[in-house]
Amino acid sequence: MPDWKTMVRDRMTPPNSPRNVSEDVIAELAAHLEEIYEQARSSGCTETAAIEVALQEVKNWNVLAEDIHRARLKEENMNLRTRSLWLPALASLFASSLFLFVLTEISRQPRLLVRLNSGAAEWLYALWIIGQIAFGALGAFLSRRVGGSRVARVVAATFPALVMLASCAIVIPVSALMEHNDFIFHNPGRLWWGAFLWAVVPAVTLLLGAAPFLQEPSKRHA
């Protein structure tokens with residue numbers, strides 16, 4: 001019985017080749033060629049002829065190896081982007097949104113409204129803005145911990161502000177247009193002021209929190 005794994009490995013990773021094909025890929029391809037070999041043998045082919053039939057399934061081993069190598073790099077890049085950008089960004093957004101939800105629920109308490117009087121909204125907004133420092137730090141920290149680039153760390157940290165900006169620039173105007181609400185279009189200053197309060201100002205505080213994690217970690221020398 002031919003050693004299909006060895007045959008595939010020798011052809012996929014020739015000497016002095018920088019490619020490194022995983023054993024899972026080699027095993028899967030070897031099993032496929034072995035199945036073809038067994039079918040050829042059962043049809044009456046000699047062992048040598050059956051091996052040739054199986055090996056002919058791969059037209060060009062170098063091209064196949066390059067395709068697998070590119071697919072593997074693409075998958076690794078996608079995994080890195082998910083771990084270093086999207087997951088930290090979603091963590092920052094979730095924490096910021098949860099904090100805003102908690103503050104909103106607190107603002108509905110009658111006792112608090114009586115104590116803070118008309119300044120309740122300003123106090124709660126100030127608390128939310130201050131909290132963005134922690135959420136920006138969270139996003140940048142999680143991104144840097146898995147090797148995220150500086151751009152990925154900035155985006156992950158400021159993602160809550162980016163979502164708010166997209167809401168002000170796209171969601172609110174589109175919703176107003178669909179509902180035939182002309183107030184936004186006749187009062188664009190309100191929209192710009194809302195974007196400043198809910199996107200620009202939070203972006204600054206988010207970046208303040210992210211700042212310590214935008215530098216590359218220092219390497220310890222032995």
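Two rings of Phe, Tyr or Trp (for Trp, the six-membered ring) are counted as a pair if their centres lie within 6.5 Å; planes under 30 degrees apart are stacked, those over 60 are edge-to-face and the rest are tilted. On this basis, the structure holds seven aromatic pairs. The model is predicted: local features require pLDDT of at least 70 and side-chain atom pairs pLDDT 80 or more, whereas totals for chains, interfaces and linings use all residues. Residues are numbered from 1 along each chain as its sequence is written, and side-chain values use heavy atoms, leaving out hydrogens and water.

**First stop: an edge-to-face pair**

Select Phe99 and Phe135. Their rings form an edge-to-face pair, 5.7 Å centre to centre with 65 degrees between the planes. Phe99 belongs to helix α4 and Phe135 to helix α6 (residues 120-145), so the pair ties together parts that are 36 residues apart in sequence. Helices here are DSSP runs (H or I, at least four residues), numbered from the N terminus. Phe135 is buried, at 12% relative accessible area, whereas Phe99 is partly exposed, at 26%. Buried denotes under 20% relative accessible area, exposed over 50% and partly exposed the range in between, with a 1.4 Å probe and protein chains only.

**Second stop: Tyr125 and Trp128**

Next, select Tyr125 and Trp128, a tilted pair with 6.4 Å between centres and 40 degrees between planes. They are three residues apart in helix α6, and are thus separated by about one helical turn. Trp128 is buried, with a relative accessible area of 3%.

Select Ser96, which is placed in helix α4 (residues 61-107). Ser96 is buried, at 3% relative accessible area. Beyond residues up to four places away in sequence, Ser96 touches Trp128, Gln132, Phe135 and Pro160; contact means heavy atoms within 4.5 Å.

**Fourth stop: the nonpolar cores**

A nonpolar core is a set of buried Ala, Val, Leu, Ile, Met, Phe, Trp, Tyr and Cys residues joined through side-chain atoms within 4.5 Å. Select Trp4, Val8, Leu33, Leu55 and Trp61, which touch the most other members of the largest such core, a set of 17 residues. At least two residues of this core come from each of α1 (4-12), α2 (23-42) and α3 (47-55), and α2 gives the most, with seven. Centre the view on Val8: leaving aside neighbours within four places in sequence, Val8 contacts Ile26, Leu29, Ala30, Leu33 and Trp61.
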